[in-house]
Amino acid sequence: MTQPRAYKAAAIVLRARNLGEADRIFTLFSLEHGKLEAVGKGVRRTKSALAGRLEFMNEVALVLHRGRSLDVITSADLLVSHWNAIVSPQTFAVANSMAELVDAFCEPELAVPPIYELLRGVLRAIERNSDPAALLPRFQLRLLDALGLGPPVDRCSRCGTALGDGNVWLDAESGGLACAACRTAWQTVIALEGPDVQNFRALAAPRSEGAALYARPNVAAAVDTLVTYHLGRRTKSSAVLS
């Protein structure tokens, strides 16, 4: 069945890059279609109706027209603007890190509604928070969970043994936490004590299950190490946040 040439999407603007003299290619994360790339024709011209609506991390209702190589944005209605709230250097760096992670982990044209809702929610949260970087570890863990990469929090990722509230160690290669018996099989990166383990579990939990918003320092480092392993590199934004 032939797809219609025009279609609609609610989307969050992840990034943009210039094309030619007046156009711009936008990377969008949409609710209905996942990650998209589309051209905004003439968007860099002063009188463009699209220009102010397609700012970084704005949520927009789009009408797009399917093209041969790239789709074209024909209209954009602003749903929520986050631009004024994220222009401070630290908040902007956190938002960039989140956009970079969604862009890197998500496949083109594969809808993942939980990630769309996660991104919407965390954008509202960082606007109201005096320390937006503190919200990044929970976002990272919930993102991994939505991708099917979430670490098991109650058992050893190597041997499957139940983990108590005692010391455990991050084992990024196996995708989670490891018990003392498995510690010698690999190089320890970060040790987590009892309070850290509880915090790690609460960060990974859904909102309705006693979730924590903020990470202890060791836990934040462990989550970042885990994300870096899955991504295969450190994010560009991490240099600004560290």
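Analyst: A residue counts as buried at under 20% relative accessible area, exposed at over 50%, and partly exposed in between (1.4 Å probe, protein chains only). Welcome! This is a predicted model, where local features need pLDDT of at least 70 and side-chain atom pairs 80 or more, while totals for chains, interfaces and linings use all residues. Residues are numbered from 1 along each chain as its sequence is written, and side-chain values use heavy atoms, without hydrogens or water.

User: What makes helix H4 mostly covered?

Analyst: Nine of the eleven residues of H4 (194-204) are buried. Among them are Gly194, Asp196, Phe200 and Leu203. The cover over these buried residues includes H3, strand S6 (168-171), strand S7 (176-178), strand S8 (191-192) and H5. Helices (H or I, at least four residues) and strands (E, at least two) are DSSP runs, numbered from the N terminus.

User: Why is Thr27 called buried?

Analyst: Its relative accessible area is 1%, so Thr27 falls under the limit for buried. Thr27 sits in strand S2 (residues 23-30). Beyond its neighbours within four places in sequence, Thr27 is in contact (heavy atoms within 4.5 Å) with Ile12, Val13, Leu14, Arg15, Arg17, Lys35, Leu36, Glu37 and Asp103.

User: How do you know whether Met57 is buried or exposed?

Analyst: Met57 has 0% relative accessibility and therefore counts as buried. Met57 lies in the loop between strand S3 (34-40) and strand S4 (59-65). Although Met57 is not a glycine, its phi is positive, about 70 degrees.

User: And is Glu109 buried or exposed, and why?

Analyst: Glu109 has a relative accessible area of 62%, so Glu109 is exposed. Its loop runs between helix H1 (89-105) and H2. Glu109, not a glycine either, has a positive phi of about 55 degrees.

User: What makes a space a pocket?

Analyst: On a 1 Å grid over the protein atoms alone, a pocket is an open set of points where a 1.4 Å probe fits, with protein on both sides within 12 Å along at least five of seven lines; lining residues have an atom within 4 Å of a point. The largest pocket holds about 600 Å³, a volume being the space filled by probe spheres set on the points. Its lining has 21 residues, with Leu118, Gly121, Val122, Arg138 and Arg207 nearest the centre. H2 gives the largest share of that lining, eight residues.

User: Which residues lie nearest the centre of the second largest pocket?

Analyst: Those are Ala133, Leu136, Ala220, Asp224 and Leu241, out of 15 lining residues. The volume of the second largest pocket is about 310 Å³. H3, helix H5 (217-231) and helix H6 (238-241) each supply at least two residues of its lining.
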